[in-house]
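Please keep the sequence and the model at hand while reading.

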Amino acid sequence: MKASDLFVKCLENEGVERIFGVPGEENADLMISLINSPIDFVLCRHEQAAAFAADAYGRLTGKAGVCLATLGPGVTNLLTGLADANMDRAPVVAIVGQGSTTRQHKESHQIMDAIRMCEPITKWSVSVLAPENITEVIRKAFKLSETEKPGVCVIELPEDVAKKDIQDKPMKPIKVRRPAADHKSVAQAAELIYSSKSPIILAGNGAIRKRAAKQLTKLAHNIGAGVVNTFMGKGAIPMDDEHCLYTIGLGTGDYNNLAFDSADLIISCGYDLVEYAPKAWNRTNQSQKKIIHMDFWPAEVDRDYAPSVEIVGDLADGLWQLNQALESRKERPLPLFDIKSRKDLRATLTHDFLAEMNDQCFPMKPQKILYEVRNFLGPNDILLSDVGAHKMWISRYYQCFQPNTCLISNGFCSMGFAMPGSIGAKIALPDRKILSINGDAGFSMNAQDLETAVRKKLNIVAMVWVDGEYGLIKWKQQDQFSGKHSDLEFNNPDFEKLAEAYGMWGKALTAVDQLPTSLEEAFQQEGPAIIAVPVDYRENRKLTARLGNIEIPI
């Protein structure tokens, strides 16, 4: 068979059901081979959007999302989305075209070293130099991409290699079980928990794996400890569980930050340092404060994050073993502590989240918008947050009942993620409501792929918070320079006319009471919808005054 045919058969063998991408001349053979394949090629309008769609698809399915681009500018357009997926631990395999191997050694049209460019932002990047390598390369790429912690692998297929003949067959994927945690480390961790007086659990991005979240919740109940999640750890414990102390990561003086100050033991579960720097939460009594690190990888070296014990291996297994160790000890009944000691903290935060629920101001306050959104979406529905001032508000005020129901770009923090990400999310989970919340700046970075959603008849809803500025940059500058900021204003399109131009439903709100009905109508459409919401970002600095410095990097 032709090498490109074998390549497609290997993708089918890996369980690939769809590819998001923008093809070019150099992957023409591969595209023709896909015609007779059950794999659905989702033609996108920009390579970055294709990468973001694959990112969200991979996060939600646990299987590598696949994206495709041609050589040169196709690859460079893909890079931001790949970097985002890799740093946010999303499994993605990217397929990129390349010119013939006979011209790669010299100056030639669109030829560049794409593999060296991709290497710093991927787990593995390789060029297929011979058709005999295809089966091994594809098997390795998917294996590495989906292995904890997940990330990005890039496969480059030169055009002349794709045309060659080959007699081969795909390699069978073999399920690899992750290593179990060390029993001595588990015993040491149990001893630390027993000897502590005020433990608290920090749940990060790794804790939202389904089995891990279940065991994490059980651990919280066995200890009687509160759980604080990072932005990307939302839903690791249900928001209505009394052990849930909501989200950390915005203001250094937020209530749950202060709970970390008084804790003598931090049990860190699936926490990535890219989410929230340890110096922002590990601020007091470091010599007396102990840390238990539980994750798929050993702890990163950081002067503010020096674990006393590291439980390295499958996180769900480590949590299960720790639960077993606590349950087998009989000297004290479980739970070890009374969670009601955290009742006032939880009540304070809960009351704070609901403080603006009846507010009638317009433009709308961020708190009010998110109250209405949370009230509208079901426990299984999915919110994707873009990057900007709105992300700060979502991170603190929007809580979740289940893992993976709020996707936030927070490791790489890339604007333009949410709307194309919602395309991948809807294709992955078509029965869920999928809502993206975007700033007007980030939304315009990938608005072209609204056409993709229209063409594919995907009922995704893009909510745009309209303020006509780079609001987060302004917020940070004002905080740092005594209220001063540089010129950050821009103009927006008429969002209703923009929707009409794409052949879709759109609504620009003019009153507070229009939001619930607009959400209802938007999700009744056959295709995508836009809801433009003017937002009052005067609330930003009021929040800073209440919570202290806003720590999250832009």
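## Serine 414

Serine 414 counts as buried, with a relative accessibility of 6%, where buried means under 20% relative accessible area, exposed means over 50% and partly exposed lies in between, using a 1.4 Å probe and protein chains only. This serine lies in the loop between S14 and helix H15 (418-428); helices are DSSP runs of H or I with at least four residues, strands are DSSP runs of E with at least two, and both are numbered from the N terminus.

When residues up to four places away in sequence are not counted, serine 414 touches Phe52, Thr80, Asp84, Asp386, Val387 and Ser409, a contact being heavy atoms within 4.5 Å.

## Basis of the values

This is a predicted model, in which local features need pLDDT of at least 70 and side-chain atom pairs count only at pLDDT 80 or more, while totals for chains, interfaces and linings use all residues. Residues are numbered from 1 along each chain as its sequence is written, and side-chain values use heavy atoms, with hydrogens and water left out.

## Asparagine 404

Asparagine 404 is placed in the loop between helix H14 (389-397) and strand S14 (406-408), and with a relative accessible area of 18% asparagine 404 is buried. Leaving aside neighbours within four places in sequence, the contacts of asparagine 404 are Arg59, Leu60, Ile208, Lys234 and Ile382.

## Strand S1

Strand S1, which covers residues 18-22, is mostly covered, since 5 of its 5 residues are buried. Arg18, Phe20 and Val22 are on one side of S1 and Ile19 and Gly21 on the other, and all of these are buried, leaving both faces covered.

S1 pairs with strand S2 (residues 40-43) in the parallel sense over 4 bridges, where pairing requires that DSSP finds at least two bridges between two strands. Within this arrangement, isoleucine 19 stands opposite phenylalanine 41 in S2.

## The chain as a whole

The protein chain contains 21 helices and 18 strands, and buried residues make up 60% of its 554 residues. Its C-alpha trace spans about 70 × 60 × 45 Å along the principal axes. The radius of gyration of the protein chain is 24 Å, which agrees with the value near 24 Å that a compact globule of 554 residues would have; this radius is taken over C-alpha atoms, and the globule rule is 2.2 Å times the number of residues to the power 0.38.

Among contacts in the protein chain with a separation of 6 or more, 77% are between residues 24 or more positions apart.
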